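Here is a short tour for anyone who likes to check a model contact by contact. Keep the viewer open and follow along.

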Amino acid sequence: MSSMATVAPKAGNGLLDPKQWAKSAPAALRKLDPRLMWRNPVMFIVELGAVFTTALALADPSLFAWTITVWLWLTVLFANAAEAIAEDRGKAQADSLRKAKTDTLARRLADQDPDIDSPRVATVEVPAPDLRRGDLVLVEAGQTIPGDGDVVTGIASVDESAITGESAPVIRESGGDRCAVMGGTRVLSDWIVVRITAEPGKSFLDRMIALVEGSERRKTPNEIALNILLAAMTIIFVLAVVTMQPAAIFSKDHMAAAPDTAVLDGNGVTGIVLVSLLVCLIPTTIGALLSAIGIAGMDRLVQRNVLAMSGRAVEAAGDVDTLLLDKTGTVTYGNRRASSFLAVPGIGARALADAAQLSSLADETPEGRSVVVYAKEAYGLRERPKGELAGATWVEFTAQTRMSGVDIEEHGSVHRVRKGAAASVIAWVRANGGDPNPRVDDLVDQVSREGGTPLVVAEHQEGEPARVLGVVYLKDVVKEGMAERFALLRSMGIRTVMVTGDNPRTAKAIAAEAGVDDFLAEAKPEDKMALIKREQEAGRMVAMTGDGTNDAPALAAADVGVAMNTGTSAAKEAGNMIDLDSDPTKLIEIVGIGKQLLMTRGALTTFSIANDIAKYFAIIPAIFAVIYPGLDALNIMRLASPESAIVSAVVFNAIVIVALVPLALKGVAYRPGPASSLLRRNLLVYGLGGIVTPFIGIKLIDLVVSLIPGMA
Amino acid sequence: MSETTAGVVFIAAMIAALAATYRPLGDHIFRVVTRERHNRVERGLYKAMGVRPDAEQRWTGYARSVLAFSALSLVLLYLLQRLQGSLPLGNGFGGVEPGLAWNTAVSFTTNTNWQAYSGESTMGIVVQAAGLSVQNFVSAAVGIAVAVALVRGFARKATDKLGNFWVDLTRVTLWVLLPIASVAAVALVAGGVVQNLADFTTAQTATGGDQTLTGGLIATQEAIKNLGTNGGGPFNANASHPFENPTSWTNFILVYLILCIPFSMPRVFGRMAGDDRQGYAIAAVMGVIAIVSTGLVVGFESFANGTVPQAVAAAMEGKEVRFGVADSGVFAAATTLTSTGSVNSFHDSFTSFGGGVLMLNMMLGEVAPGGVGAGLYGLLVLAVITVFIAGLMVGRTPEYLRKKIGAREIKLASLYFLVTPALLLIGLAASLAVPANLESMQDSGPHGLSEMVYAFASASNNNGSAFAGFGANTPWFNTVLGLCMLFGRLLPIVLVLALAGSLAKQRPVPATAGTFPTHKPLFVGMVVGVTIVLVALTFLPVLALGPLADGLQ
């Protein structure tokens, strides 16, 4: 698996590096603009509070007032810096992506006719940003592809490392599922004609840059809901603090003999202290880190070379109940390969090999190619270029017919050869007056039972009944360690469904070996679509991967549709994520990233709320013990003085933001498992930890603060 | 039997009695509210009311019906009091003055039963029976109906229909409240509670003075005032009056009546949601908070510091000798944990901490087990918030009972849990800011503040009990506390129904191993934790200046 070519700082490395904080300082200051702060109600309240205490400190300066004021501003700045650091990491990636987006000159075909035999045609040079959807451009070796598109003519090796980070060149050719090219990648050999499919500024590169920079970030559904809850909690604490004032004045009045202090006087609790209490109670920890968590989640995805079109898609990944996994490439290694030809009685092995090769020439799928390769390796049959056979009409493999072949017209009669899925070919034989040899069923069964895939080869000479020649044995190898991963997914309540074009028996054998929960055999695109609809109607969220054009409807219907980068433009348009590595297994990682994102939010919210207990016990006795000395019993941390107690609580509140930035960016530790064990663990760490930590933290800070003259 | 033993026996017997009725009573209510067919009595009533019983309502229609019904009740009860002088059976009392009539009308239609008046010297039999007692039934039925509508929101799928308010109201009144109240009234009469239509009796006291003994339909009113978690008694002394609550035995019956329906509602929830375990989990949350709270109250009262309490081994001031500390403490906890507010002792005279716990019981939003219906919906809203916070921690969009808790659900739940604290705190702060209001306090300093805090906690949460020394019958408090009662009842109801509507529309999500389990002890603990941290701690500043300062002196 490749990594991004860009050198983005890895999560968790050097996050507490002072240099990085210093670098984010200008952005953190810029974000103090109330028009930006307003979007984060919790931190906006803190900023307002800081403005208020600044005014109070200016009017009536004291060490206490200024200490609180400075730390309140630091609280806001830490929150802004957390967001800036998260954005910076994205920007670093965006910058290196931008380098790929040089101002290429495109060579637009003058007459816009794709049928050309050589690159020696008239072209017009146009700046890449001026290209429109549908334009045809010529790209030769050494040139950069000017925009996203499909190859319509030619074949070329392309270096896509600028985007995928994969240094090995890939082949891109017209037709089939390997026709899509991306703007910013470079042609290494040969030449191609590309039909532009993206409007200027809408290419993958543009979208990717916008995404990692966070400029296109919109709040996701769960984020919106969480923001509402945090706003409600903020309102309730504002009420609690504001309404405390009349009660405080009443009480001070009652105990008029108690001395006025910096905390409480005849006018009630001082403004500085009211703001301090409010800031400590409202959920600042999660409020400060919420957007950093979201940006970092997106970033983790990009680091794994997955492009999500929206944050919503990432969140949906965490909610997935059913994973549709393509057998090939996910459950089994790469492609099935032909491993033997099994002829029916009366047919020579060589004749079968010859027919198998002939009928596979028009089959561009890897399986089809493997038949041609095997025929050459085992029988020495030379691959015949398509153009060599006169009078041949090629029948290409499609997902609907599930057959490929050729019709050759010789001496006025047509000889037709077909190869494909057993059911389809047998039906074809019957339709052409043939009666399949009963041995065929045995051979098909035998191959299927062994977990292989049988392809049946048949021929039809005009005027005679069609007949079956034999069976091609395609072998499939299940990847190691998949059974364990599927078991983990099952423990998390995620059902895995293997999707395959194989017949049910073959599918069953492989499904059993791989340990998936269910399988969809002989799957046509419609079947996949129907399965998705069925799952969704039962309320389940479905994730799938796909690459072909005929996957597009299903990709669009799925809640999480991951298109392979090698796939067609249609597939990429339909999905809501693109995997640049084209590794279908990554779907499992994507689900993990989605879950981790939600878990991090939940854990930090819990931590933030649990923190309040200690803060109450620090501040309430600090304010009121002067008038009611008995309330000192609530000062269970034995903090040195009212001033040091309040300062310590405010300082703790600010520092905890800094301390949790690495966690927000890296995400909480994620180990797949059932919900109950995830909950128990997170509740212990962030719930119980959230209760205990501030008691210790505030006490330690108080030990230091109380050394300052005037604080003890 | 020592006080401690008496307390333990009382509490244990109560838990056993409630556990024994959890299933049968819950199942009965479940059948009443889910029965498809309407019987003849019901059909007759629907015809009289002009209701089409099979026309189910959307949440908006349901809410409009609740509001219209409450408004109508409010106006009728107000007029009944104002016109008392011109009605028969007025026992010679004149019309009630407007401020008090408004306060009382709001109080009884909102299931609060805050009594700013003295029953035996203000309200005659006709107002007591046709006005107050009727509201005791129907305001309780409204609470149960709204709770049932919320549960339908969880249980139903892809619909905008929540049932028919008028059907729920009729059935709950006819087949739940009336039968139980009737049996209870007989039991109370058997236990010595007064029930007559006689005129007032004047008796000679031992010292030779005259005393007017007001009788009336006491037992019937006593039964429903507790069963419906109402609390408004015919006498100012409420259930400490010997005509209302003569013996320890009737005392046990009253506490049981207060708790039986609220504690059985989770069963209705479990049955309707199709998963009994969910009901047990909610009942467990209620039980944990209730037992801890009751234990604290009885404990603080039994082991009170102070010269006099030490001499008699308990804080007996304000408590009836025939009940003692344990019976009084349990009654006080039960009445504040629900929205009842009837009292058999004077909460003002409880120890500072004991009184503080009673306030806290109400401040929690009365969810353990809470008012009839209101307790269940209040706790379910807290459960929704808990599920949201905790659910994220398992890495999924939070779900409760297979319904997703999204932005709209959280918005409604958050608003719900904002309402009563906002009313309480704003009402309290505004009242403290007006110097004249301080004269309503019987005591000065922390205890005086506690009286006012208690009044607003009681009104905003529709409890109705009071710190007795507090002079609430002033134009300011009649008006402001009346508003607190009104908004504290109706705003949450509208929000709960909106939440129900939003949940009912959803298709249920299938439950898998990845689903956050909401029937396990861990969840019970979390709901308790969220209730304490998010709700109780909000009130720590006022509690610190009131009961805590009072007790820690």
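## Ground rules

Helices and strands here are DSSP runs (H or I with at least four residues for helices, E with at least two for strands), numbered from the N terminus. This is a predicted model, in which local features need pLDDT of at least 70 and side-chain atom pairs count only at pLDDT 80 or more, while totals for chains, interfaces and linings use all residues. Residues are numbered from 1 along each chain as its sequence is written, chains are lettered from A and ligands numbered from 1 in the order in which they are written, and side-chain values use heavy atoms, with hydrogens and water left out.

## The annotated binding site

Let's begin with a record: the unreviewed UniProt entry gives a "binding site" annotation that includes A:Asp363, A:Phe397, A:Ser404 and A:Lys419. UniProt positions follow the numbering used here, feature names are shortened, and annotations may be inferred rather than shown by experiment.

A:Asp363 sits in the loop between α12 (349-360) and α13 (366-379) of chain A. Is A:Asp363 buried or exposed? A:Asp363 has a relative accessible area of 2%, so it is buried; the cut-offs are under 20% for buried, over 50% for exposed and partly exposed in between, with a 1.4 Å probe and protein chains only. A:Lys419 belongs to strand β15 (residues 413-421) of chain A and is also buried, at 1% relative accessibility.

The side chains of A:Lys419 and A:Asp363 are joined by a polar contact of 2.6 Å. A polar contact is a pair of N or O atoms within 3.5 Å; within protein, one must be able to donate a hydrogen and the other to accept it, and residues adjacent in sequence count only if both atoms are side-chain atoms. Leaving aside neighbours within four places in sequence, A:Asp363 is in contact (heavy atoms within 4.5 Å) with A:Gly368, A:Arg369, A:Phe397, A:Ser404 and A:Lys419.

## A loop aspartate with partners in both chains

A:Asp321 lies in the loop between α10 (311-318) and β11 (322-326) of chain A, and is buried with a relative accessible area of 1%. Beyond four places in sequence, the contacts of A:Asp321 include A:Gly493, A:Arg495 and A:Arg540, as well as B:Arg396 and B:Thr512.

A polar atom of the A:Asp321 side chain is 2.8 Å from the backbone nitrogen of A:Met541.

## A bent helix and the nonpolar cores

Helix α1 (residues 18-30) of chain A has 13 residues and should span 18 Å at 1.5 Å a residue, which agrees with the 19 Å between its end C-alpha atoms; the expected span is 1.5 Å times one less than the number of residues. α1(A) bends by about 40° at A:Ser24, and a proline, A:Pro26, follows within four residues. The bend is the angle between axes fitted to the seven residues ending at a residue and the seven starting there. Among the buried residues of α1(A) are A:Trp21, A:Ser24 and A:Ala28.

The largest nonpolar core has 320 residues, and those with the most contacts inside it include A:Phe624 and B:Ile261. Helix α21 (residues 586-624) of chain A gives the most to this core, with 20 residues. Such a core is a set of buried Ala, Val, Leu, Ile, Met, Phe, Trp, Tyr and Cys residues joined through side-chain atoms within 4.5 Å. A:Phe624 touches A:Met244 and B:Leu545, among others, not counting residues up to four places away in sequence. A second, separate core of 40 residues includes A:Leu342 and A:Val444.

B:Thr173 is found in helix α6 (residues 165-190) of chain B and is buried, at 13% relative accessible area. The side chain of B:Thr173 reaches the backbone oxygen of B:Leu169 at 2.6 Å.

B:His38, in the loop between α1 (3-34) and α2 (40-49) of chain B, is buried with a relative accessible area of 12%. Which side chain does the side chain of B:His38 meet in a polar contact? The partner is B:Arg171, at 3.1 Å.
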